[in-house]
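Here's a quick tour of a chain you can follow by eye, with the salt bridges and aromatic pairs picked out along the way. Keep the viewer open as you read.

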Amino acid sequence: MGAEEEQVAPRQPNPPNSITEAQFLAWKRQKDADTSARKAEVARKRAQDIAAGTVQMNGRELFLHEPWLFDNNLY
């Protein structure tokens, strides 16, 4: 009774759905590259829209583009 239950099926070295570490790292590099390219494109478009005046700047963008508005020496 106990001896039959203790036998475990031999493990396969690579199950059919598994990926290798090299495959994972290649996928991760590709995903990171896609993400950074997408972020760069969004930032470039935002900068173009700000330059064209089609979108409203947030506080940081306003400070970076027009710092004289935040000059407290006048008070």
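Predicted model: local features only at pLDDT ≥ 70, side-chain atom pairs only at ≥ 80, totals over all residues.

Let's start with Asp32, which counts as partly exposed at 40% relative accessibility. The side chain of Asp32 meets that of Lys28 in a salt bridge, 3.6 Å from N to O. Lys28 is partly exposed too, with a relative accessible area of 34%. Both residues sit in helix H2, which covers residues 21-52, and they are four residues apart, about one turn of the helix.

**The salt bridges**

How many salt bridges does the structure hold? There are four, and three of them are described here, the Asp32 and Lys28 pair being one of these. In general terms, side chains of opposite charge can pair when their charged atoms come close.

Next up is Arg44, which forms a salt bridge with Glu41, and the closest N and O atoms of that pair are 2.4 Å apart. Arg44 and Glu41 are separated by about one helical turn, because they are three residues apart in helix H2. Arg44 has a relative accessible area of 39%, which makes it partly exposed, and Glu41 counts as partly exposed at 40%.

Then there is Asp49, whose side chain meets that of Lys45 in a salt bridge of 3.1 Å, N to O. Asp49 and Lys45 are both in helix H2, four residues apart, about one turn of the helix. Lys45 is partly exposed, at a relative accessible area of 44%.

Here are those pairs side by side:

| Salt bridge | N to O distance |
|---|---|
| Asp32 and Lys28 | 3.6 Å |
| Arg44 and Glu41 | 2.4 Å |
| Asp49 and Lys45 | 3.1 Å |

**The chain as a whole**

Now zoom out. Buried residues make up 4% of the 75 residues in the chain. The chain exposes about 7,400 Å², with carbon and sulfur atoms supplying 56% of that area.

How confident is the predictor? The chain averages a pLDDT of 85, and 77% of the residues score at least 70.

**The aromatic pairs**

The structure holds two aromatic pairs. The rings of Phe24 and Trp27 have their centres 5.7 Å apart and their planes at 35°, so this pair is tilted. The cut-offs explain that label: planes under 30 degrees apart count as stacked and those over 60 as edge-to-face, with the rest called tilted. Phe24 and Trp27 are three residues apart in helix H2, so about one helical turn separates them. Phe24 is partly exposed, at 38% relative accessible area, and Trp27 is partly exposed at 47%.

The rings of Phe63 and Phe70 also pair, with centres 5.4 Å apart and planes at 65°, so they are edge-to-face. Phe63 is partly exposed, with a relative accessible area of 45%, and Phe70 counts as partly exposed at 37%.

Together with Leu64, Trp68 and Leu69, they make a nonpolar surface patch of about 590 Å². Leu64 has its place in helix H3, which spans residues 59-65.

**Back to helix H2**

One last stop is Ala51, a residue of helix H2. Ala51 is exposed, with a relative accessible area of 70%. How far apart are Ala51 and His65, in sequence and in space? They are 14 residues apart in sequence and 9.6 Å apart in space, C-alpha to C-alpha.

Terms used. Residues numbered from 1 in each chain as written. Heavy atoms only, no water. Patch = residues over 30% accessible without salt bridge, like charges linked within 9 Å, V, L, I, M, F, W, Y side chains within 5 Å. Areas by Shrake-Rupley, 256 points an atom, 1.4 Å probe, with all protein chains shown as cover. Helix = DSSP H or I, 4+ residues; strand = E, 2+ residues; numbered from the N terminus. Buried < 20%, exposed > 50% of the residue type's maximum accessible area, 1.4 Å probe, protein only. pLDDT = per-residue confidence, 0-100. Phe/Tyr/Trp six-rings, centres within 6.5 Å; stacked < 30°, edge-to-face > 60°.
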